[in-house]
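Please open the model in your viewer and keep the selection tool at hand. The stops below are meant to be followed in order.

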Amino acid sequence: MMAIGIAGVTGRMGKALVAAVLEQDDLRLAGGSVREGSPLAGTSIPGPDGTSTGLYALDDANALFAASDVVIDFTSPEATKNHLHLAMETGTALVLGTTGLGDDVDADILAASHKCPLLRAANFSLGVTVLMALVKRAAQALGPSFDIEILEMHHHHKVDAPSGTALALGEVAAKARGVRLSDVSDAVRDGHTGPRRADAIGFATLRGGDVAGEHSVIFAGMGERLELSHRASDRAIFARGAVTAAKWLKNQTAGLYTMSDCLGLDT
Ligand code: NAD
């Protein structure tokens with residue numbers, strides 16, 4: 001049975017991942033990690049029904065990588081950096097779900113991808129993976145006369161903005177237009193902004209309540225508007241997608257993969 005380790009096992013996604021691993025007969029939960037010095041280190045990892053899994057959350061990422069065929073990471077950018085180094089040292093396959101990673105982490109991801117299989121996705125849902133492909137088609141078909149705006153809403157605990165998914169959608173739209181997102185991104189509007197830049201890709205961020213994740217990509221033309229939207233109502237979809245990715249990734253050679261690769265979709 002494939003052994004799956006969960007980094008950040010006590011987090012919102014960590015708990016959903018435990019449930020997603022335990023619901024599959026061909027998977028074994030290898031263990032889970034918490035940040036070093038966490039008061040939750042040494043506590044029992046509960047199963048979805050509140051019963052014990054017989055495993056304890058450890059603040060030892062080395063031990064997690066040693067025990068796992070694949071590690072799934074939904075933690076924080078600092079922790080992800082460390083996990084990339086451990087994946088590189090041990091050759092362990094790593095599924096990367098953490099968002100808000102700075103540009104400096106890109107070099108670590110590239111280096112690690114030469115040594116072990118990595119799959120990175122800003123969003124592990126099937127719906128958003130398909131949305132990426134639709135945004136690419138729409139941006140190409142509608143052309144630059146349509147203004148692109150991306151709206152996202154998440155729960156009030158979320159720490160990064162715009163969301164990783166919103167940025168990934170922006171990247172897809174920019175690439176389809178043959179430009180770099182960093183050259184056209186307009187993520188902060190406040191005060192006297194002047195008229196909209198013609199080639200901008202705009203972002204708007206909403207935060208509140210327990211919203212698992214909502215994204216709309218709006219193509220606004222003269223006299224018409226196309227909106228492509230996705231709403232996640234349960235974070236279990238991200239967890240199940242990440243577990244699907246882990247099973248697929250175990251059989252891949254070293255490299256950097258996307259959810260589209262895993263699902264065989266063209267984005
Ligand atoms: P959370 O705050 O509930 O959980 C994060 C957990 O990581 C916390 O328990 C924290 O203690 C733990 N952690 C921090 N440093 C650690 C370390 N060094 N070792 C082990 N654990 C460590 O947050 P969340 O809602 O579960 O989200 C986590 C990340 O996943 C965020 O970046 C979020 O944006 C992202 N996310 C991605 C997707 C996706 O589909 N890619 C979906 C949902 C959330």
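Two strands are said to pair if DSSP finds at least two bridges between them. This is a predicted model, and the tour starts with one such pair.

Select strand E8 (residues 147-154) together with strand E11 (residues 213-220), which pair in the antiparallel sense over 7 bridges. Within this pair, isoleucine 150 can be picked out, and the residue that stands opposite, in E11, is valine 217.

Now widen the selection to the whole sheet, an open one in which 5 strands follow the order E9-E10-E8-E11-E12 with mixed pairing. Which strands stand at the edges? They are strand E9 (185-186) and strand E12 (225-232), and each has a single partner strand, so one side of each is left without a neighbour in the sheet.

Helix H5 lies across E8, E11 and E12, and runs at about 170° to E12. Helix H6 (residues 164-176) also packs on the sheet, where it touches E8, strand E10 (201-207) and E11, and the direction of H6 makes about 165° with that of E10.

Stay with helix H5 (residues 126-142), which supplies 3 residues, the largest share, to a nonpolar patch. To see this patch on the surface, select Leu126, Val130, Leu134, Leu263 and Leu265, which together have about 390 Å² of accessible area. Valine 130, a residue of helix H5, is partly exposed, with a relative accessible area of 34%; a patch residue must have over 30% relative accessible area.

Then move to another pair of strands, E5 (residues 70-73) and E6, which run parallel and are joined by 4 bridges. Valine 70 has alanine 93 in E6 as its bridge partner. Along strand E6 (residues 93-96), show the side chains: Ala93 and Val95 point one way, Leu94 and Leu96 point the other way, and all of them are buried.

For the last stop, select alanine 7, which lies in strand E1 (residues 2-7). Is alanine 7 buried or exposed? Alanine 7 is buried, with a relative accessible area of 0%. If residues up to four places away in sequence are left aside, alanine 7 touches Ser33, Leu64, Val71, Ile72, Asp73, Phe74, Thr75 and His83. A distance can also be drawn from here to leucine 58, which is 51 residues apart from alanine 7 along the chain, while the C-alpha atoms of the two are separated by 9.6 Å.

Conventions. Residues numbered from 1 in each chain as written. Predicted model: local features only at pLDDT ≥ 70, side-chain atom pairs only at ≥ 80, totals over all residues. Heavy atoms only, no water. Patch = residues over 30% accessible without salt bridge, like charges linked within 9 Å, V, L, I, M, F, W, Y side chains within 5 Å. Areas by Shrake-Rupley, 256 points an atom, 1.4 Å probe, with all protein chains shown as cover. Salt bridge = Lys/Arg side-chain N within 4 Å of Asp/Glu carboxyl O. Helix = DSSP H or I, 4+ residues; strand = E, 2+ residues; numbered from the N terminus. Buried < 20%, exposed > 50% of the residue type's maximum accessible area, 1.4 Å probe, protein only. Contact = heavy atoms within 4.5 Å. Axes fitted to C-alpha atoms, helices over the stretch in contact; angles between N-to-C directions.
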